[in-house]
Amino acid sequence: MKSLIYESVKQQSEMLISRSVSSLELTESYLSHIEATDEAIGAYLHVAGESARQAAKSVDLKRARGEQLSPLAGIPSAIKDNICTKDMPTTCASKMLEGFMSPVDAFAVMQMKAHDSVILGKLNMDEFAMGASTENSYYKKTRNPVNTDRVPGGSSGGSAAAVAGHLAAYTLGSDTGGSVRQPASFCGVVGLKPSYGRISRRGLVAFASSLDQIGPITRTVEDAAMVYQMLAKQDELDSTSCSSETLTASELLQKDVSKMRIALPRSFFEEGIQPEVKEAVLKAAMTYESMGAIIEEVDMKRLDAALPAYYMLSSAEASSNLARFDGVKYGYRTESFDSIEELYKKTRGEGFGREVKRRILLGTYALSSGYYDAYYKKALSVKALVKSIYEEIFKTYDFVLTPVAPTTAYPFGKVENNPVEMYLGDIYTVPINIAGVPALTLNCGYDAQHLPIGMQLIGKLYDEQTLLSAGHAFEQAKQVWRAK
Amino acid sequence: MKKSGIEAGYEVVMGLEVHVELATQTKIFCGCEVAFGAPPNTQVCPVCLGMPGSLPVLNEKVVELALKAALALGCEISEISHQDRKNYFYPDLPKAYQISQNDAPIGKNGRLAIETADGERMIGITRLHIEEDAGKLIHDSSKGTLIDYNRGGVPLIEIVSEPDFRTAEEVKAYLLKLKSTLQYLGVSSCKMNEGAFRCDVNLSVRKVGDPQMGTRTEMKNLNSIAFIVKAIESEALRQIKLLESGDQVVQETRRWDPVKGISTAMRSKENAHDYRYFPDPDLATILLSHEMVNAAKATLPLLPDDYKRLFVLNDGIRPDVAEVLVSDKGLADYYRACAEQTAYKTVLANLLVTEVLRMADKAGDDETVIAIRPEAMVSLVALIGEERINLGIAKRVLSALWESDKRPVQIIDENDWWPLKDLASLEALAEMILKETPQILVDYHNGKTQAFGAFMGQMMKRSQGKADPALSESLFHEIAKRRL
């Protein structure tokens with residue numbers, strides 16, 4: 001039954017509904033594939049085989065009784081390890097939370113359970129979602145299933161690798177500055193960062209609260225629409241949650257692309273970009289043109305300020321959000337200490353990895369008295385500027401088309417000791433989080449080494465429909481995703 | 001203030017920070033109960049424990065109560081305000097930040113009138129903001145330090161005054177007035193022994209006439225008004241002594257030790273926290289429209305100063321007596337209940353603020369509870385007003401009333417306490433005293449006025465306090481004249 005795992009969520013859903021396959025069979029296929037291949041890939045931090053089988057059996061029983069089920073019922077999924085689950089550990093790939101069991105499920109996990117999703121396990125990531133290659137995990141490296149000498153991207157590297165490696169039908173990642181979109185691009189799969197607030201952050205271990213957003217990683221845009229639609233529900237226990245998505249998964253794909261106006265920001269194609277990436281994205285633009293869309297080059301040079309502003313805001317918030325990991329209540333605690341100050345210093349010194357410590361230091365500095373105005377406050381004004389730039393663009397255009405990252409997936413160790421180079425890799429993705437708008441990434445080709453190239457569609461706030469419809473139309477036209 | 005300070009030509013300058021627990025059913029950011037005295041850590045949840053992924057949602061009742069308090073204190077209301085994170089590490093603070101308000105408090109620039117020896121004075125209120133309480137550390141010599149998080153997340157308002165206080169008496173008057181104002185509003189129980197009303201004192205001293213402020217210290221852990229008065233006296237003296245001996249006051253936070261009656265340094269300015277305030281990205285902006293503010297204004301109840309005015313204008317009560325009444329909601333409510341049944345309102349008020357207040361159990365500075373039925377108090381007041389009994393007898397009746405439910409007349413009858421007004425008996429008694437102690441008249445004729453006091457003392461003693469004072473006095477003068 002191995003071929004089952006190469007099908008999309010949509011196809012699997014149809015097979016389950018027609019009862020040509022059971023959820024247990026599907027689940028077993030994934031579990032045996034995980035067993036066979038994940039040692040090489042390293043996508044999972046925790047595999048919950050038994051509870052997955054139980055969930056699958058329960059769905060099959062419900063279906064046998066003729067109950068009306070969600071289209072996603074019985075489909076095996078997996079979750080980034082910074083999204084809380086009460087029946088599996090939630091470690092954020094950090095020593096600090098080794099073995100940590102959350103007392104509650106995240107809102108997104110509650111939605112998945114309500115839709116009878118079969119959750120296979122928890123996925124590797126950069127520690128506390130800080131990084132772009134998943135090399136910052138305390139536990140292990142994750143390899144890119146397309147080419148195992150390459151990183152899967154990050155921080156949701158496990159989530160992207162699991163989908164690309166057929167280790168789950170779909171996964172959840174989190175995206176603070178590109179952490180869903182860049183790994184999806186590196187692994188040749190689809191990543192959606194919904195509008196800020198679309199998917200409740202309750203139960204997502206916070207990195208930068210004003211930027212964090214959960215998003216699905218899938219093999220097709222249609223699958224992304226299905227998973228997004230399931231999760232995009234208003235949550236009154238998240239003050240930043242916005243209203244629910246009102247469109248159905250199929251409605252989300254139905255907007256007509258032929259009359260759309262698409263903006264190509266000139267500066268995104270100028271400096272430091274791998275020529276093949278530029279070429280592939282421009283070719284994708286031509287594909288849209290051939291569908292009748294209007295493509296125009298625009299100047300969005302002023303977005304340059306977004307990258308430094310992003311590192312100020314996200315690090316400042318992180319320094320506060322990660323302060324609770326102090327060895328007092330849960331998680332890692334240093335072996336010996338003589339005072340409360342020593343408990344704090346040793347616990348945090350030993351429990352956090354280098355990148356996390358770097359961001360905490362940066363953020364603490366930016367918020368310190370005397371520096372607040374020059375750094376944090378200035379970054380907030382850049383945020384307002386970035387928002388206004390997008391608002392202006394969307395008065396004329398339906399979406400903006402850009403690359404996801406300047407390069408395709410790079411070899412291990414390339415950015416490990418060069419944080420600035422890693423930060424520069426986020427240049428195309430962070431302005432989207434700063435503006436809070438949605439963005440969809442999908443494959444649009446391969447480079448000479450057959451590494452996937454991703455393109456990014458950026459839309460108006462709460463207009464996920466335009467992106468999903470345009471992404472779906474492109475997929476239909478090109479059939480680019482990896483063949484069986 | 002103690003004489004020594006004034007004699008040395010110093011002036012004490014003080015400002016207060018008062019923390020008040022709001023009378024909500026649940027905590028400020030979660031649904032946990034706030035009832036006082038529950039077993040440790042039974043009123044907690046992932047939100048108030050700051051578990052990873054948890055998110056705060058502001059309790060609307062908190063804003064409603066804070067708005068009421070701010071309006072009652074004459075504050076300007078911020079139409080747009082937000083909540084900030086105050087970052088510091090301490091085990092009683094599970095998130096390692098306190099959610100408070102920094103640059104946009106709910107209310108600012110208010111005032112509260114107090115009665116001083118020199119008449120009414122306005123105390124400026126700098127700001128009023130909402131925040132969450134921290135947990136409580138319990139130091140146990142056998143088990144080490146334990147933490148009870150029940151209090152963590154209990155809603156507070158902090159009311160910061162201008163440095164307008166010069167004496168401990170003014171501080172006391174302000175605190176009593178503030179307490180009763182908040183009690184009339186129904187905003188807080190203000191029970192000091194339950195920590196519902198807490199005060200920190202900022203204090204500095206300077207030479208009288210010096211326009212420059214001295215270096216201030218902040219005293220914490222002042223949980224009764226008696227301690228506050230003692231702490232102020234002790235700290236003012238300590239600072240004056242330092243300056244007199246040529247030393248300097250160090251800017252620091254000091255902790256009052258009520259057992260030893262001294263304060264000790266907690267931390268100096270050099271070790272002061274840099275709280276790295278920034279707007280909490282997990283919470284929405286607080287919007288208070290004109291309509292909401294006006295609606296809240298319209299529903300404000302009568303406040304202590306309104307009652308004070310009524311007592312003075314309608315009942316003819318002296319302003320200083322009225323101030324004592326309205327500064328204690330229990331006492332003022334009792335006065336109102338009695339006053340509507342008697343014409344002897346000044347007699348009633350005077351009796352309440354002197355004898356009754358002394359008798360009432362005032363443990364922990366809470367509002368006075370009077371265990372006498374208003375009907376009984378009213379008939380006692382009538383007996384005094386009609387001069388049927390004197391104050392000495394009235395005190396005895398009060399004590400008896402506190403213990404039993406009998407009518408005052410019945411108590412006087414049963415105890416045979418009616419005053420002795422029979423002239424013949426009184427004269428016989430007087431003659432007997434003066435015969436036994438002839439020295440009284442000798443002294444009196446030699447100009448020693450105390451001799452009269454000695455006579456009256458004997459009259460009262462021999463009559464078990466029943467001798468009518470006025471009649472006794474005229475008898476004495478008559479006899480003294482006769483025996484000249």
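A:Ser319 touches A:Ile360, A:Gly363, A:Thr364, A:Leu367 and B:Arg276, leaving aside residues up to four places away in sequence; a contact here means heavy atoms within 4.5 Å. The structure is a predicted model, in which local features need pLDDT of at least 70 and side-chain atom pairs count only at pLDDT 80 or more, while totals for chains, interfaces and linings use all residues. Residues are numbered from 1 along each chain as its sequence is written, chains are lettered from A and ligands numbered from 1 in the order in which they are written, and side-chain values use heavy atoms, with hydrogens and water left out.

**Selected residues of chain A**

A:Ser319 lies in helix H9 (residues 306-321) of chain A. Helices (H or I, at least four residues) and strands (E, at least two) are DSSP runs, numbered from the N terminus. A:Ser319 counts as buried because its relative accessibility is 4%. Buried means under 20% relative accessible area, exposed means over 50%, and partly exposed lies in between, with a 1.4 Å probe and protein chains only. The side chain of A:Ser319 reaches the backbone oxygen of A:Ala316 at 2.7 Å.

A:Ser159 belongs to helix H5 (residues 157-164) of chain A. Its contacts, again not counting residues up to four places away in sequence, are A:Lys80, A:Leu123, A:Asn124, A:Thr171, A:Leu172, A:Gly173 and A:Ile217. The C-alpha atoms of A:Ser159 and A:Leu401 are separated by 24 Å, and these residues are 242 residues apart along the chain.

A:Tyr365 is found in helix H11 (residues 354-367) of chain A. Together with A:Tyr371 and A:Tyr375, A:Tyr365 forms a nonpolar patch on the surface with about 270 Å² of accessible area. Patches are made of residues with over 30% relative accessible area and no salt bridge, with like charges joined within 9 Å and nonpolar side chains (Val, Leu, Ile, Met, Phe, Trp, Tyr) within 5 Å. A salt bridge is a side-chain nitrogen of Lys or Arg within 4 Å of a carboxyl oxygen of Asp or Glu. Accessible areas come from the Shrake-Rupley method with a 1.4 Å probe; for residues, only the protein chains shown count as cover.

**A residue of chain B**

B:Asp366 is placed in the loop between helix H9 (345-359) and helix H10 (374-385) of chain B.

The table lists accessibility.

| Residue | Relative accessibility | Class |
|---|---|---|
| A:Ser159 | 0% | buried |
| B:Asp366 | 16% | buried |
| A:Tyr365 | 38% | partly exposed |

**Sheets and chain B as a whole**

Chain B has 16 helices and 16 strands. In one open sheet, 9 strands follow the order S2-S6-S7-S10-S1-S11-S12-S13-S14, with mixed pairing. Its edge strands are S2 (76-77) and S14 (262-268), each pairing on one side only. Two strands pair if DSSP finds at least two bridges between them. Strand S13 (residues 252-257) is joined to S14 by 6 bridges and runs antiparallel to it; B:Glu252 stands opposite B:Ser268.

Another open sheet of chain B has 3 strands in the order S5-S4-S15, with antiparallel pairing. S5 (97-100) and S15 (278-279) each have a single partner strand, so one side of each is left without a neighbour in the sheet.

Of the 484 residues of chain B, 50% count as buried.

Notes. Polar contact = N/O pair within 3.5 Å; in protein donor to acceptor, adjacent residues only side chain to side chain.
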